[in-house]
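Dear colleague,

Please find the structure below. My findings follow it.

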Amino acid sequence: MKNIKIEATDRSPELDLNFEMNSFCIKGESYPEDVTEFYGGILKSMENYFSNLEGETIDFCFELIYFNSSSAKVFMSLFDMLEEAAEEGNTVNVEWVYVSDDDNMEELGEEFGEDLEAANFIMKPVE
């Protein structure tokens, strides 16, 4: 599967999806005008990727500053896919990186993490 790298814009995050290395990162702010257009192809690629995994270790990093509710729905879909991949025997490491004094992003990370049981979820505060 071809890797996907999209640079950040004022309204959309940087995406670095390295399927060869099983390493993924979403970084920045996420409130694209058309969430379906921005994330639709990404979610399809991720679905295809997860359907072919067996015994892999996956690292997924969320390093977000801000996101809107439409983006949150996309992230919940990603978390569901990550959890399912972990339930199927893959090792899934999810890292939630947030600025240490950003209580809102910390709280949102905790809420996302509560839904994961099979995947490893790590809260990582940074300065």
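Contact here means that heavy atoms lie within 4.5 Å. Leaving aside neighbours within four places in sequence, Met46 is in contact with Leu17, Phe19, Phe24, Phe60, Leu78 and Met81.

The model is predicted, and local features need pLDDT of at least 70, side-chain atom pairs count only at pLDDT 80 or more, and totals for chains, interfaces and linings use all residues. Residues are numbered from 1 along each chain as its sequence is written, and side-chain values use heavy atoms, with hydrogens and water left out.

Met46 also belongs to the largest nonpolar core, which has 37 residues. Such a core is a set of buried Ala, Val, Leu, Ile, Met, Phe, Trp, Tyr and Cys residues joined through side-chain atoms within 4.5 Å. Buried means under 20% relative accessible area, exposed over 50%, and partly exposed in between (1.4 Å probe, protein chains only). Ile26, Met46, Phe50, Ile58, Phe62, Phe75 and Trp96 touch the most other members. Helix H2 (69-87) is among the elements that each supply at least two residues of this core, and H2 gives the most, with 9 residues. Helices (H or I, at least four residues) and strands (E, at least two) are DSSP runs, numbered from the N terminus.

Leu108 is found in helix H3 (residues 103-114). Leu108 is partly exposed because its relative accessible area is 22%. Beyond neighbours within four places in sequence, Leu108 is in contact with Phe67 and Trp96.

Asn22 is found in the loop between strand S2 (14-18) and strand S3 (23-30). Asn22 counts as buried, since its relative accessibility is 9%.
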